[in-house]
2 protein chains.
Amino acid sequence: MPASKTVSSKRATVIKALAHPSRLLIAEALMEGEMCVCDLKDLVGADMSTVSKHLSLMRQAGVLVSDKRGLNIYYRLACDCLGDFLRCLDQLAPKKAATKPCC
Amino acid sequence: MPASKTVSSKRATVIKALAHPSRLLIAEALMEGEMCVCDLKDLVGADMSTVSKHLSLMRQAGVLVSDKRGLNIYYRLACDCLGDFLRCLDQLAPKKAATKPCC
DNA sequence: TAGTTATTTGGCAAAATAGCCAAATAGATG
DNA sequence: CATCTATTTGGCTATTTTGCCAAATAACTA
């Protein structure tokens, strides 16, 4: 229960918001620019209510911000630090991975 | 089902390996240098078998590499891109978060 | 070899998460 | 106002994840 654990927990909440294939797909798409829920529904290929819940979770975590215009609600990333991180992660060797560091 | 979804899935697996308070705490500790399981068990404050399973999951995802020396097994991060990312995430405002972008 | 220490594995119950459907809400528009 | 469209919410089951205990390994030591 050290104080540092609380900080970790908060960070983990944010990271968890990205740690799902559909949610990461959404985040990746939003790196190109904002999209509305129906666009993202087509991208993910799930029920709109499912996508909406993913978006809600991501917004609660602070990863996304939303913006209502007309009938649509547009979502976009709240920060742009994702690209660099993903590029680095892509260099990791999964599984037993020997002992070679990467980036 | 686009090809990009597969890439996202792989990335999500890696991110998921960081998306748990105990596992992120471990990763943060390992940013300072390698540690053995018993050190990490004290840090996390959970059963050693629990910590071991977290470590195993992280190694499978490629986030950690391990190294056996004597009776101990030392773990360390497989990449050093975590710090920058965490610093950026710390600037995010959780919850309803208004509509202010951050970093 | 027997014992000791460090770690992993198997198994299981409890808790959290995902995803669908149906219903509710919030704005536009006729 | 009645309706349509876009999105969210509630509720439910199925699946996944967590974390403990007990038992199994693995490698050092007497």
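This is a predicted model: local features need pLDDT of at least 70, side-chain atom pairs count only at pLDDT 80 or more; totals for chains, interfaces and linings use all residues.
Residues are numbered from 1 along each chain as its sequence is written, chains are lettered from A and ligands numbered from 1 in the order in which they are written, and side-chain values use heavy atoms, with hydrogens and water left out.

**Exercise 1.** Describe the contact between chain B and chain A.

Step 1: Counting as contact any heavy atoms within 4.5 Å, we find 44 residues from chain B and 44 residues from chain A.

Step 2: The two chains bury about 4,100 Å² between them, and 64% of this lies on carbon and sulfur atoms; buried area is the accessible area (1.4 Å probe) that two parts lose on being put together, summed over both. Arg11(B), Ile15(B) and Phe85(B) supply 16% of the area that chain B buries against chain A, more than any other three residues.

Step 3: The interface holds 4 salt bridges, each a side-chain nitrogen of Lys or Arg within 4 Å of a carboxyl oxygen of Asp or Glu. In one salt bridge, the side chains of Asp90(B) and Arg11(A) meet at 2.6 Å, N to O.

**Exercise 2.** Work out how β2(A) and β3(A) are joined.

Step 1: Strands are DSSP runs (E, at least two residues), numbered from the N terminus, and two of them pair if DSSP finds at least two bridges between them. Here 6 bridges join β2 (residues 64–69) to β3 (residues 72–77) of chain A, and the strands run antiparallel.

Step 2: The hairpin has 2 residues between the strands, and Gly70(A) takes a positive phi near 65°.

**Exercise 3.** Which residues come nearest to DNA strand C?

Step 1: A residue is near the strand if one of its heavy atoms lies within 4 Å of it. Of the 23 residues around DNA strand C, the nearest are His54(A), Met48(B), Ser52(B), Lys53(B) and Tyr75(B).

Step 2: Sugar and phosphate make up 59% of the atoms of DNA strand C that come within 4 Å of the protein.

Definitions and conventions:
Helices (H or I, at least four residues) and strands (E, at least two) are DSSP runs, numbered from the N terminus.
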